Amino acid sequence: MKMIVGLGNIGTRYDETRHNTGFMVLDQLARDYQLGAFSHLKQEAVAVTGVIAGEKVMLVKPTTFMNESGRAVGPLVDYYDIDMDDLVIVSDDLDMPVGKVRLKTHGASGGHNGLKSIINALGTKEFNRVKVGIDHPKHGTVVSHVLGKFDKDERPAFDDAVEVAEHALEDWIKGEDFSKLMNDYN
């Protein structure tokens, strides 16, 4: 089974905010493959499981706040005995412009508290990531930026990036090597 974890903050207050980029990518994937509604798990997450391209896939959204994402991801990876090659984390990235998508096979958190929490919970930096750019704030604080919604000028580029991220995930699910996908998508 492959597990794709989208990062975000749970609750309607955070719907469609930049920090919920990971949730939005998973929501799109679940809609496009008609996987149904996300349901609660024991491990502080909601998930939906289905088959995409003949492969069993679990889409996971932690129900912790972003900076405690590892509290959900660590136990889920252990419970389902997920190999690191079968795990992808989808997150926002302040260091990339809106509309840019970047795949990585490993690395530090880059200051992203959700990734930092997952690295601590898994005890490794060696896991696949799909990062979607949300850009740095032009005005105001980083916190207000990541918890704010995309403006009407940014939204088309963001929607395009969600589509690119979804295609990269589909290719990975179909069996493409993640390192090769980095060359194709980065």
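**View 1. Strand S1 and its partner in S5.** Val-5 has Ile-89 as its bridge partner in S5, and Gly-6 stands opposite Val-90 in that strand. Four bridges join S1 to S5 (residues 87-93), and the two run parallel. Strands here are DSSP E runs of at least two residues, helices are H or I runs of at least four, and both are numbered from the N terminus. Everything shown is a predicted model, where local features need pLDDT of at least 70, side-chain atom pairs count only at pLDDT 80 or more, and totals for chains, interfaces and linings use all residues. Residues are numbered from 1 along each chain as its sequence is written, and side-chain values use heavy atoms, with hydrogens and water left out.

**View 2. The other flank and both faces of S1.** S1 is also joined to strand S4 (residues 55-62) by four bridges, again in parallel, with Met-58 of S4 as the bridge partner of Met-3.

View 3. Seven strands make an open sheet in the order S2-S3-S4-S1-S5-S7-S6, with mixed pairing; two strands pair if DSSP finds at least two bridges between them. S2 (39-41) and S6 (101-104) are the edge strands, each with a single partner, so one side of each has no neighbour in the sheet. From one strand to the next, the twist averages 30°. Helix H3 (residues 113-122) packs on the sheet, touching S5 and S7 (128-133), and its direction makes about 155° with that of S5. Contact means heavy atoms within 4.5 Å; axes are lines fitted to C-alpha atoms, for helices over the stretch in contact, with angles from 0 to 180 degrees between N-to-C directions.

**View 4. The largest pocket.** This pocket holds about 450 Å³ of space. A pocket is an open set of points on a 1 Å grid over the protein atoms alone, where a 1.4 Å probe fits, with protein on both sides within 12 Å along at least five of seven lines; lining residues have an atom within 4 Å of a point. Volume is the space filled by probe spheres set on the points, which are joined across faces, edges and corners. Of the 24 lining residues, His-19, Leu-94, Gly-111, His-112 and Asn-113 lie nearest the centre.
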